[in-house]
Amino acid sequence: MAKQTDFAEKAKKASAERGIKCPKCGTVKVPTAFINSVKTEAGTYKFNRQLVQVCKCNEKSVYA
Ligand SMILES: [Zn+2]
């Protein structure tokens with residue numbers, strides 16, 4: 001079990017080092033695919049997939 005914990009900690013640390021730290025909340029931003037439905041002029045909907053950097057500041061608005 002100790003080995004698994006080590007691995008998890010290392011993976012966590014690695015992603016933390018790669019990520020961008022938010023200067024406001026200090027949380028590492030996690031890139032999350034966010035799908036937006038946008039109404040077109042024709043009245044139909046199309047889906048926009050965008051990558052959003054999620055940290056504590058905006059996680060509530062993103063996951064709501
Ligand atoms: Zn933040």
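So, in what order do the elements of the protein run from the N terminus on? They go α-β-β-β-α, which gives two helices and three strands. Helices here are DSSP runs of H or I with at least four residues, strands are runs of E with at least two, and both are numbered from the N terminus.

Quick housekeeping. This is a predicted model, where local features need pLDDT of at least 70, side-chain atom pairs count only at pLDDT 80 or more, and totals for chains, interfaces and linings use all residues. Residues are numbered from 1 along each chain as its sequence is written.

On confidence: pLDDT is the predictor's own confidence in each residue, from 0 to 100. The protein averages 85, and 89% of the residues score at least 70. The lowest mean sits in helix H1, residues 2-18, at 71, while S3 has the highest, at 91.

Now the sheet. We've got an open sheet of three strands in the order S1-S2-S3, with antiparallel pairing. S1 (20-21) and S3 are the edge strands, each pairing on one side only. Pairing, by the way, takes at least two DSSP bridges between two strands.

Start with S1 and S2. Two bridges join them, and Ile20 stands opposite Lys29 in S2. They form a hairpin with six residues between the strands, and Gly26 in that turn has a positive phi of about 80°.

Next, S2 (residues 28-39) and S3. These run antiparallel and are joined by ten bridges. Ile35 faces Arg49 across that pairing, and Lys39 has Tyr45 as its bridge partner in S3. This hairpin has five residues between the strands, with Gly43 at a positive phi near 90°.

How much of it is buried? Of the 64 residues, 2%. Buried means that 20 or more other C-beta atoms lie within 10 Å of the residue's own; 12 or fewer is exposed, in between is partly exposed, and C-beta atoms are placed from the backbone. Strand by strand: S2 lies largely in the open, because zero of its twelve residues are buried. S3, residues 45-54, is hardly covered either, with one buried residue among its ten.

Last one, contacts. I'm counting two residues as in contact if their C-beta atoms, placed from the backbone, lie within 7 Å. Among contacts between residues at least 6 apart in sequence, 34% join residues at least 24 apart.
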